Amino acid sequence: MTQPTEGAGGSSASEGHLRQGGRSLLLALYTALRSLKIYPLENATVQKSLDDLDASARALLQTEVELEIRMAGDFLFVNGTRLRVELDNYASFSHILAMLQAFEIGVLHVHSGMERREWQILLSLLLSVSQQGETDERLEVLQDRLDAAKVTHLELERAQAEGGSSEESRHQAKRVYAEGVAVTRDMVSGIRLGRGPRLKRVKRAVQLVVDQVLNNEMSMVGMTTVRDYDEYTFTHSVNVCIFSVALGRKLGFSKVQLYDLGMTALLHDVGKARVPAEILNKTGSLDEREWRFIQQHPWLGALTLFGIRAYEEVPYRSILVAHEHHMKMDLTGYPKAIRPRTLGMFSRIVSVADGFDAATTRRVYSTTPIEPDQVLKEMWDNPKRGYDRVVVKALINLIGIYPVGTCVILDTLEVAIVAAPNPDTQQLNRPVVRIAVDADGATVPLPGNQVSLAEKDESGAYKRSIVKVTNPSRLGLTPGDYFV
Amino acid sequence: MVKALRAFQMYLPNNPIYQRAIQNVRSAFGPVWAATDELHLHVGESDLLWEEHSVYHQLNKNESLAWSLFKDGMRELTIYKGAEAEELPRLLATINQARFLPADAGDDLLTLLWALEFEQIKYRFIDFFSEAGGELPGPSGTAGGSASAEARRAQVAQEAAERPKGVVELEEVDSTLYFLDEEEIGYLARELEEEYRRDFRGSALNVLFDLMETQPEGGVRDEVLGVLEQLFPNLLTSRDFRSAAAVLRESKLLKERATNLRLEQTQRLEGFVTRLSEPAIVGQVLQSLDEASSLGLDEEAASLLRELRTSALEPLVSWLPNLSSAPLRQMLEGVVDKLAGSSINEVQRLLRQPDSPALLGIVAICGRLQLHHAVPGFTDVISHSDPAVRLAAVQALGQLGTPGALTLLDRAIDDPDRSVRLAAVRGVGTRGYKGALRRIEAVVLGKSSRGVDLTEKMAFFEAYGSIAGAAGLKALSTILLQRGLLKMKESPETRACAAVALGRIKTPEARDLLQRAAEDKDLVVRNAVNRALRGVAS
């Protein structure tokens with residue numbers, strides 16, 4: 001069987017034009033929305049932003065019959081061409097995505113002949129309707145008002161419910177994850193035997209993680225809940241790689257930057273290959289001497305990576321991340337830095353990803369994992385943890401306050417596993433979940449029934465709400481089962 | 001495409017043949033685009049197929065474009081109209097890069113193409129998932145474990161009834177938590193830029209230096225030293241002189257700061273600068289620097305060269321005249337001056353090496369830097385077989401001007417080489433060295449048998465005036481003014497020399513004597529007298 005691995009792409013030279021024009025249109029849309037939100041309609045800034053928006057759309061419609069702005073996951077497409085998110089357009093993309101998600105708009109068709117007046121009505125309604133009513137009603141309300149205002153060149157389509165990830169994406173994510181673990185196992189075993197890693201394979205594995213995160217982030221993040229699949233060091237390295245790449249994406253890194261970050265993340269714990277196995281695998285808590293060994297792994301990793309050179313240059317970036325990932329923002333933590341040092345951005349991201357995954361995972365020398373929501377809260381609230389707050393903020397933005405894999409008890413006395421954050425950022429406390437145990441205490445066959453906690457009954461009350469986060473093992477549940 | 005690949009292999013991108021190859025590829029696609037908007041190729045081991053027809057066939061794998069693609073796993077390649085403008089040359093360059101990578105390289109065609117993000121080229125590779133990767137296991141077992149539904153329900157009910165501590169409420173956290181504001185986006189952009197601007201080599205090297213200091217275990221230190229020893233030549237090869245300089249600096253520092261270093265470890269730390277200061281290696285570094293001077297590496301290089309040992313002085317000085325880069329030469333002069341100034345023993349040693357290529361340069365440095373302690377080393381140099389070396393020595397001794405230097409200068413007055421003599425005479429004259437009077441006087445008073453030309457004679461007279469002072473008035477007066485039977489006793493040239501010498505004495509008596517000759521019948525003498533008088537007046 002062959003697996004297509006395609007270059008990013010389009011089918012004609014017009015893609016470049018679409019990409020550029022699409023980005024201009026999105027930026028103009030964002031600017032107009034912001035202007036309208038701040039200033040009255042007659043304000044010159046608002047008028048100019050509407051002119052710019054109208055001009056951007058007209059420029060595209062000169063070559064295209066109509067415009068189809070489609071939201072798929074966290075991506076925006078214009079007539080099938082994906083618009084690349086970069087730091088300089090991050091805010092506009094994020095805002096428009098959030099707006100479309102809040103209205104559950106999947107596709108916005110702009111037909112030839114669209115007038116400036118229609119843009120103005122659309123934007124005004126988007127701003128006013130978003131303040132009222134429930135999510136699932138907003139789109140109807142918006143459509144009705146557009147019709148009443150005789151906006152005829154616009155057509156809205158409701159977003160298809162994604163409900164986490166598609167079967168195909170999940171399957172691909174599983175394979176990517178398994179490959180990542182295998183590569184890490186091979187690398188760590190090689191180092192234990194004094195053999196260098198096969199860097200080409202490691203690179204390919206990281207490239208696959210980046211591709212998968214770009215294509216379907218949640219399917220990949222969901223894989224991090226798989227526990228006890230292999231030795232902790234291997235799965236943890238892959239998890240940190242996934243979280244780091246997903247975080248980098250959230251922060252607007254380019255594809256190549258995501259790869260650089262992913263490589264450093266996958267190699268961050270390579271020093272553990274040189275920590276005595278009896279300490280790494282010891283059950284129960286560690287004594288002082290053993291902790292000292294564990295605390296050596298950052299610099300052992302750095303030393304190991306200095307030796308990995310083969311044909312190419314020393315992997316300096318990975319060396320730094322391996323060495324710095326337990327250092328805090330004020331350079332306390334371990335190992336102790338004597339010479340002047342600035343904690344790199346990659347180290348800070350990997351540190352957050354590492355901290356989150358380590359705290360939520362049951363390791364041999366750690367008695368009980370902490371529930372994901374509590375880990376996030378601690379990382380955010382406790383400055384002594386020494387994490388970069390903007391990166392922690394991005395992590396929460398990425399996985400919600402109930403991260404994927406969290407086991408929750410609902411007010412219906414059902415037990416559920418969080419499958420995906422709510423796409424509506426106003427309702428991050430109402431994620432998409434898979435019911436694992438029904439109200440009678442009976443287990444629901446895998447992969448559980450998927451429901452959104454944002455669903456309401458006829459009376460307008462939420463059908464289900466979280467009352468408590470619980471330890472899944474106490475109920476005999478394994479969150480990872482709901483993702484594999 | 002095949003021809004272009006060959007050109008890519010043989011020429012650099014700025015070469016006209018390389019450029020022409022790209023143009024030829026672009027032109028070659030003209031007829032293709034007349035027939036279709038996309039060229040969809042199936043990749044075989046030795047063939048490229050278009051609509052099931054072989055459009056390229058090459059059995060020789062070393063030369064085969066098809067094999068270059070096939071071996072790394074590419075099975076389909078689609079080129080869309082317009083790709084030839086910009087993306088196709090990049091694809092070909094990447095194929096060319098990949099085909100010569102060794103088997104154990106960290107990249108292949110797939111990993112290299114991955115980063116390029118083509119829009120008008122698509123490709124498909126075979127499934128890369130390795131067999132070793134395997135599949136994740138399925139679910140761990142029956143969800144819910146073995147507990148009965150009733151027991152589980154009771155447990156859930158009990159847990160749910162507890163005070164719901166630990167639930168994170170949306171209100172608990174700041175509403176801005178979920179979005180990055182403009183300031184944070186700006187912060188991230190700056191930090192990301194900083195990450196890519198970071199001196200990661202320097203920071204990584206600091207890891208090693210920190211380890212040397214904080215991890216006293218012999219094994220760790222030996223490993224760190226091994227890494228540094230392996231790395232150091234590569235830093236030089238890649239012209240990362242700043243990092244190489246850091247290794248030298250820190251090695252020196254670590255000898256003082258790292259406790260309980262073993263002797264062997266200390267020697268290994270010293271080894272970096274000792275080895276780099278070896279003449280052969282310094283020569284290579286300088287050659288490399290000279291070749292790369294257009295790359296603006298001079299300041300970083302200076303930081304490296306400043307760390308060198310005294311043993312590097314000889315090759316550095318030897319290389320100076322051969323450098324083509326003026327800024328590099330200037331920088332190196334500064335380094336050499338510093339090194340010479342701080343290592344007088346090495347300077348003296350070099351002065352005693354008659355065959356050293358650096359001898360001439362060292363001699364000049366001694367004078368320029370006023371290295372008074374180096375004077376004893378000149379004893380041999382002043383009698384060196386090469387007149388150029390002796391001349392440089394005489395000039396340096398004149399600049400030094402110490403009693404020892406002037407003694408040696410005096411000896412040089414008898415040098416067989418005219419230019420050396422001339423320099424020596426001027427040197428002692430400028431310094432007014434009385435010890436040289438005997439040799440000078442011998443020439444001035446005509447007691448020396450040596451034949452000297454007018455310039456040399458003039459120099460001797462000038463020196464005589466400067467050294468003898470008023471004591472020389474009588475002799476000079478006789479030469480300038482004494483008449484013979486029919487004419488002046490001395491030749492006009494000798495009298496002119498005497499006039500110049502009187503001008504150096506600058507006393508009223510000397511002026512009187514000169515004024516008496518101011519109306520001399522001989523033009524040469526009259527001119528010399530008038531010049532001397534102007535000098536006296538000033």
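Predicted model: local features only at pLDDT ≥ 70, side-chain atom pairs only at ≥ 80, totals over all residues.
Which strands of chain A does helix H6 of chain B lie across? I looked this up first: H6 (residues 149–161) of chain B lies across strand S6 (407–410), S7, S8 and S10 of chain A, and runs at about 85 degrees to S6(A). Angles run from 0 to 180 degrees between N-to-C directions, with axes as lines fitted to C-alpha atoms, for helices over the stretch in contact. Helices (H or I, at least four residues) and strands (E, at least two) are DSSP runs, numbered from the N terminus.

Residues are numbered from 1 along each chain as its sequence is written, chains are lettered from A and ligands numbered from 1 in the order in which they are written, and side-chain values use heavy atoms, leaving out hydrogens and water.

**The sheet in chain A**

I traced an open sheet of five strands in the order S9-S8-S7-S6-S10, with antiparallel pairing. Its edge strands are S9 (449–452) and S10 (466–469), each pairing on one side only. From one strand to the next, the twist averages 40 degrees. Strands pair if DSSP finds at least two bridges between them; S7 (residues 415–420) and S8 (residues 432–437) of chain A are joined by five. Val415(A) stands opposite Val437(A) in S8(A).

**Thr406(A)**

I found Thr406(A) in the loop between helix H17 (389–399) and S6 of chain A. Is Thr406(A) buried or exposed? Thr406(A) is buried, at a relative accessible area of 0% (buried means under 20%, exposed over 50%, partly exposed in between, with a 1.4 Å probe and protein chains only). Leaving aside neighbours within four places in sequence, Thr406(A) is in contact (heavy atoms within 4.5 Å) with residues including Pro372(A) and Val469(A).

**Helix H2 of chain B**

Next I followed H2 (residues 16–35) of chain B, which has 20 residues and reaches 30 Å from its first C-alpha to its last. A kink of about 25 degrees lies at Phe29(B), shortly before the proline Pro31(B); the bend is the angle between axes fitted to the seven residues ending there and the seven starting there. Among the buried residues of H2(B) are Tyr18(B), Val25(B) and Trp33(B). Their cover includes helix H1 (2–10) and helix H4 (83–99) of chain B.

**Arg390(B)**

Last, I looked up Arg390(B), in helix H19 (residues 387–400) of chain B. Arg390(B) counts as buried because its relative accessibility is 8%.

Definitions and conventions. Expected span 1.5 Å × (residues − 1).
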